[in-house]
Amino acid sequence: MTIYAVTGTTGHLGRLAVAELLARGVPASEVVALARTPEKAADLATRGATVRRADYSDPATLGAALDGVDVLLLVSGSEAGRRIPQHAAVIEAAKAAGIGRVAYTSITDAEHSANPLAPEHKATEELLRASGLPFTILRDNWYIENYAAQLPQYLAQGEVIGIDGDARIGAATRADMAAAIVTALLDEGTTGGTFELSGPPITLSGLAATITDVTGTKVAYRDVTADELVAVLRGSGMDDATAGFVVSLEESVARGDLDLQSDDLERLLGRPATTLQDALRAQAA
Ligand SMILES: NC(=O)c1ccc[n+]([C@@H]2O[C@H](COP(=O)([O-])OP(=O)(O)OC[C@H]3O[C@@H](n4cnc5c(N)ncnc54)[C@H](OP(=O)(O)O)[C@@H]3O)[C@@H](O)[C@H]2O)c1
């Protein structure tokens with residue numbers, strides 16, 4: 001019997017990882033769903049998983065949360081800027097609990113990337129490597145859903161706006177990432193490995209063309225400057241700080257920080273990754 005625990009199970013990726021573990025035949029009695037707010041994970045309890053409270057910012061919750069766990073998936077937190085001490089607390093608690101292996105969801109090319117989100121992931125990878133715990137690192141590229149979820153706006157505006165329409169992004173769906181991550185969780189042979197979960201590259205101009213193709217509604221790509229993009233985001237109601245941060249992420253994309261080709265995702269999936277077309281078709285439906 002191996003007990004698998006997943007953090008962040010009230011979020012999109014953690015929830016998908018729990019569902020994938022169950023779908024692969026792991027008995028619900030061997031799945032622990034960790035959540036900052038366990039009430040939000042009631043549906044996972046209904047499916048038989050054990051739901052426990054684990055708040056990265058409250059180390060007192062982590063010991064009991066990880067008790068008896070063999071393999072832990074640490075889904076990176078969503079509070080950018082606070083994640084190094086948060087993740088460090090989870091790794092410390094995993095060590096104290098004698099966990100057999102920790103898998104961590106990092107970012108594309110974490111050790112070299114100039115993406116503003118990369119330093120926290122790089123630091124977490126380093127903490128994990130230094131911990132002495134067996135580990136598996138799973139570096140997630142952008143989610144296709146970052147774009148697919150904006151389909152209604154793209155259609156309403158008739159355009160996709162960006163600062164480099166030809167920059168390549170190895171995006172993949174969250175469901176594919178969760179499936180690949182679960183393969184790695186279930187396969188002890190991935191211990192010590194670092195996997196780049198990138199899909200076939202997309203571009204923003206290609207996104208506009210694919211939306212046109214899939215929906216039959218003409219959507220064009222419009223290249224703007226970084227300042228113009230800030231103004232567009234401010235006009236949509238975003239505050240200054242958030243708009244600046246979003247544009248810094250777009251500048252990272254434009255530099256090619258997410259342009260990484262790897263077959264790790266498809267090897268772990270054992271099939272081709274879901275295409276942008278299919279993801280948009282599913283979103284449109
Ligand atoms: N690759 C990408 O394109 C991309 C995009 C966005 C984010 N990410 C990263 O990937 C992670 C997973 O993505 P996602 O789509 O599942 O994000 P999400 O839906 O925002 O879920 C984030 C999860 O982290 C939990 N969390 C945040 N702070 C926590 C804390 N202090 N203690 C315990 N849990 C905490 C949240 O709990 P609550 O429900 O209580 O808030 C939630 O369950 C994100 O957290 C972020 O690090 C990647």
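1. Start with a cut-off. A residue counts as buried under 20% relative accessible area, as exposed over 50%, and as partly exposed in between. D109 has a relative accessible area of 22%, so D109 is partly exposed.

2. A word on the source. This is a predicted model.

3. Now the backbone at D109. D109 is not a glycine, yet its phi is positive, at about 50 degrees. Where does D109 lie? D109 sits in the loop between β5 (101–107) and α5 (118–131).

4. Next, the chain as a whole. The protein chain has 13 helices and 9 strands. Its radius of gyration is 19 Å, and the globule rule gives 19 Å for 285 residues, so the chain is as compact as a globular protein of that length. The C-alpha trace spans about 55 × 35 × 35 Å along its principal axes.

5. On burial and surface: 49% of the 285 residues of the protein chain count as buried. The chain exposes about 12,100 Å². Carbon and sulfur atoms supply 51% of that area.

6. Contacts come next. Take the contacts in the protein chain between residues at least 6 apart in sequence: 76% of them join residues at least 24 apart.

7. Last, the charges. The protein chain carries 23 positive and 38 negative charges. How far apart are the mean positions of the positive and negative charges? They are 4 Å apart.

Key: Residues numbered from 1 in each chain as written. Predicted model: local features only at pLDDT ≥ 70, side-chain atom pairs only at ≥ 80, totals over all residues. Heavy atoms only, no water. Helix = DSSP H or I, 4+ residues; strand = E, 2+ residues; numbered from the N terminus. Rg over C-alpha atoms; globule rule 2.2 N^0.38 Å. Buried < 20%, exposed > 50% of the residue type's maximum accessible area, 1.4 Å probe, protein only. Contact = heavy atoms within 4.5 Å. Areas by Shrake-Rupley, 256 points an atom, 1.4 Å probe, with all protein chains shown as cover. Lys, Arg positive; Asp, Glu negative; His and termini not counted. Charge placed at Lys NZ, Arg CZ, Asp CG, Glu CD.
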